[in-house]
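Subject: Structure handover

Hello,

Here is the structure we talked about. Please look it over first; my notes follow below.

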Amino acid sequence: MVARPGVCDGESYNQAAHSRPASAFHHATGAGTSGECPVSNNRPMPFRFTIVLVLSFVCLAVPTWADGHAGVDAYKRGDYATALREWRPLAEQGDAGAQFYLGTLYAFGQGVPQDYAAARQWYEKAAAQGDVRAQNNLGTLYRDRQGVPQDYTKARQWFEKAAAQGVAQPQYNLGLLYVEGQGVPQDYTKARQWFEKAAAQGHAGAQYNLGTLYRDGQGVPQDYTKARQWFEKAAAQGVAQAQNNLGLLYYNGQGVPQDYAMARQWFEKSAAQGHARAQLNLGTLYAFGRGVPQDYAAARQWYEQAAAQGLADAQTSLGMLYEEGLGVPQDNVRTYMWYSLAAAHSTGTSQKLAADRRDEVADRMTPAQIAEAQQLAREWKPKSK
């Protein structure tokens, strides 16, 4: 699957293998690890830009009709009522650009109640006249089941019409369909071909997913150097996932000489954007003293940020710190709480590790302490990044 940053073979997102070490924390950092593979291994869904980015065309496109400028100017300053008033007569007269813009207002609920069905109707009118933006957005509506029954085949057909006009976003969207086998047989080679077309135009999501295909050897021979090159292009555009993945390449010495200091720098860029896995990975570097002086207090701070987003591996890591009193006072109540949360937010081996650790610490707790820890776990709420 595309867009799956990771380091340890055979592991998947939120299903990393942990072992119960003899000395509790040092060999199982909670970063999605097993033994000496301490950096977070995660495999999220393909990186996807949604219809929101597609509709940035509204601000970029120049109308081909004189009266349309007033609507665009009004839209840019947030005066959607005026934009609606300017565009509706033009759309009703059959102007494709105005039809697209009117569909946009309905898609976002700007100046009108949000209505995907109405958005679809206006997009269809514009798309029938060859408007590439409307064609792409129709594909998005069918893919995401907005105003229409979900239909990947129709999504593909609209994306193909738009992609044939050489636009990056629908080319990228077609790549996603081939990665996921939606409306087409799964085919990483075809996905790569569409991503390459979009990436050549600077599409950050396509650049990121190309890096993932090369890293994982999907549709191409595995090539960490090319993976690094594509991740660098996406990272330069601020894609947090790409920055985290570059850190992983430097951590593991894949496509680059192993360099923990460089890994830290890329993790920091990603973590600054709130990327939970990068925050977890920074915590792991501080816990092990790799690329930084060993500092359990700093590790705790990064683990806390990732754990606050509901990342189970970070919650397990915090439990380990509290269990051993590393960077924090030893605290069985907090230990039990974090292990409980990690068990609730994970599956498979990770879930068993957290549950087993929770049950072990429970043997050293009074009933009142267990009740307190359970109450803290019930009251805990995740924070958005």
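The structure holds 15 salt bridges. A salt bridge here is a side-chain nitrogen of Lys or Arg within 4 Å of a carboxyl oxygen of Asp or Glu. Side chains of opposite charge can pair when their charged atoms come close.

Before the details, two notes on the source. This is a predicted model, where local features need pLDDT of at least 70 and side-chain atom pairs count only at pLDDT 80 or more, while totals for chains, interfaces and linings use all residues. Residues are numbered from 1 along each chain as its sequence is written, and side-chain values use heavy atoms, with hydrogens and water left out.

Helices are DSSP runs of H or I, at least four residues, numbered from the N terminus. E323 is buried, at 9% relative accessible area. R357 is buried too, at 0%. Buried means under 20% relative accessible area, exposed over 50%, and partly exposed in between (1.4 Å probe, protein chains only). E323 and R357 also belong to a network of salt bridges with R364.

R264 and E268 pair within helix 14 (residues 260–272), four residues apart, about one turn of the helix. Their closest N and O atoms are 3.1 Å apart. E268 is partly exposed, at 29%.

R77 forms a salt bridge with D79, closest N and O atoms 3.8 Å apart. R77 is exposed, at 57%. D79 is partly exposed, at 26%. The D79 side chain also makes a polar contact with the side chain of T82, at 2.7 Å. A polar contact is a pair of N or O atoms within 3.5 Å; within protein, one must be able to donate a hydrogen and the other to accept it, and residues adjacent in sequence count only if both atoms are side-chain atoms. T82 lies in helix 4 (residues 80–92). T82 is buried, at 13%.

Last, helix 11. Twelve of its 13 residues are buried, so helix 11 is largely enclosed by the rest of the structure. Its buried residues pack against helix 9 (168–180), helix 10 (188–199), helix 12 (224–236) and helix 13 (240–252), where contact means heavy atoms within 4.5 Å. Just after helix 11, G217 takes a positive phi of about 65°.

Best wishes

Notes:
Helices (H or I, at least four residues) and strands (E, at least two) are DSSP runs, numbered from the N terminus.
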